[in-house]
Amino acid sequence: MSYKNFPMVPRVIFGRGSFNQLNEVLALKRLSINAPFIFLIDDVFKGNPWITSRISLSYDDRIIFVSAKEEPKTSQVDSLVEDIILKSKERPSGIIGIGGGTLLDLAKAVSILITNDGEAADYQGWDLVKNPAIYHVGIPTISGTGAEVSRTTVLTGPEKKLGINSDFTPFDQVILDSELTKDVPKEQWFYTGMDCYIHCIESLTGTYLNTFSETYGDMALDLCKEIFLENNLKDIEAQEKLMMASWHGGMSIVYSQVGVAHAMSYGLSYLLGTKHGIGNCIVFDHLEEFYPEGVKLFKQMKAKHNINLPQGICANLTDTEFNIMIDVALGLEPLWENALGKNWKKTITKEKLKSLYQKM
Ligand code: NAD
Ligand code: ZN
């Protein structure tokens, strides 16, 4: 038996207002005046001086605003990398991602592709990256995905939706400032928060579970219950707790794996462009047979926060479309094996998945 040797984020700042420390952190990492810092920022913050005025740009440093309306694509990573290389006199000093999972994943992927030849799609999979990425910093502005701590960056490519899972993927530095999450709209808060909750359920009930994952998962699950089911949390406390739940939930899956909801939600996302948070919720709502306790609690959370999930999103799909979704979902073998054990193929057939998708 050989145990996996996973990297972790080596540096993290936690605290309300800690975003102000970004400039001093970066000053120590500048390689030369010709090696810029590139800030990839969710365009929801465009024209928002509260964020941009606190970033001090020097020399050739650049802010690139990116929309998070769609999930990151490999082609988008490739064009960002090309643009950055063409416009920088020297290899950049670092990439700073500011936003939700979409921006964090883009920042990770761009930092990898700057030092690795070829296209982002070449590295979708497990441990295909050869060279260390350039210095990269993650600053979440919404909590739940765990992308700030994970060793993957999830990308939709020409053939598949799959992460670049590698030892070079995790951030070199993370800044956790819960104040940045204060204006997240309620629905989005719920969907991305439920991503964390679902990470916990899938990790804690999975066959890959071990004490490392379990202890992080337990912590994150308790926090989620407190945040989404109790009444006595103040806003700031709830924001800080969800930020840490996201972190611990992410830590839990680093050493285990996600499960059925994620596999099926990747299918929805690939075919219909359904975003990760809401897609997970749509799927998880129908997974009582796999996660009875988890789904029961999920429905309570949904009711408490008056969330109405879209219905019938698969109602008018053709057989070809169902097959595309099913193939994407079935391709994620480690997720199924984690959820159901080595013999998962005996119960999870194409027909079974079709009947599940038809309910959604
Ligand atoms: P997101 O980044 O897609 O953002 C969701 C919405 O919230 C966007 O409209 C965005 O503009 C808005 N938003 C973000 N911060 C805001 C703020 N402070 N105020 C107002 N609006 C704000 O959302 P997400 O759920 O964090 O990320 C989803 C992505 O993360 C997917 O692409 C998914 O594949 C990826 N993901 C990655 C991992 C990983 O380990 N790498 C894990 C889970 C999910
Ligand atoms: Zn997730």
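## Polar contacts of ligand 1

In this predicted model, the side chain of Ser150 places an N or O atom 2.6 Å from an oxygen atom of ligand 1. An oxygen atom of the ligand also lies 2.8 Å from a polar backbone atom of Gly101. A nitrogen atom of ligand 1 is 3.0 Å from a polar backbone atom of Leu180. Of the 870 Å² of accessible area that ligand 1 has on its own, the protein covers 92%.

## The shell around ligand 1

The shell around ligand 1 comprises 28 residues. The closest are Gly101, Thr102, Ser150, Thr192 and Lys275. By residue class, the shell holds 10 nonpolar, 10 polar and eight charged residues.

Helix α4 gives the most, with four residues. Domain 1 spans residues 11-181 and domain 2 spans residues 186-358; both give residues to the shell, so ligand 1 lies between them.

## The zinc site

Ligand 2 is a zinc ion, coordinated by one aspartate and three histidines. The donors are Asp195 through OD, and His199, His262 and His276 through NE2 in each case. Their distances to the zinc ion run from 2.1 to 2.2 Å.

What makes the arrangement of the four donor atoms irregular? The angles that they subtend at the zinc ion range from 87 to 170°.

## Zinc donors along the chain

The donor residues follow the spacing D-x3-H-x62-H-x13-H in sequence. Asp195 and His262 link distant parts of the chain, being 67 residues apart. Asp195 sits in helix α5, whereas His262 sits in helix α8, which covers residues 260-272.

Methods
Residues numbered from 1 in each chain as written. Chains lettered and ligands numbered in written order. Predicted model: local features only at pLDDT ≥ 70, side-chain atom pairs only at ≥ 80, totals over all residues. Heavy atoms only, no water. Near = heavy atom within 4 Å. Polar contact = N/O pair within 3.5 Å; in protein donor to acceptor, adjacent residues only side chain to side chain. Areas by Shrake-Rupley, 256 points an atom, 1.4 Å probe, with all protein chains shown as cover. Helix = DSSP H or I, 4+ residues; strand = E, 2+ residues; numbered from the N terminus. Nonpolar A, V, L, I, M, F, W, Y, C, P; charged D, E, K, R; others polar. Domains from an automatic or database assignment. Donors = N, O, S within 2.8 Å, 3.2 Å for Na, K, Ca; no water. Tetrahedral: all angles 85-135°; square planar, octahedral: opposite > 155°, others 65-115°.
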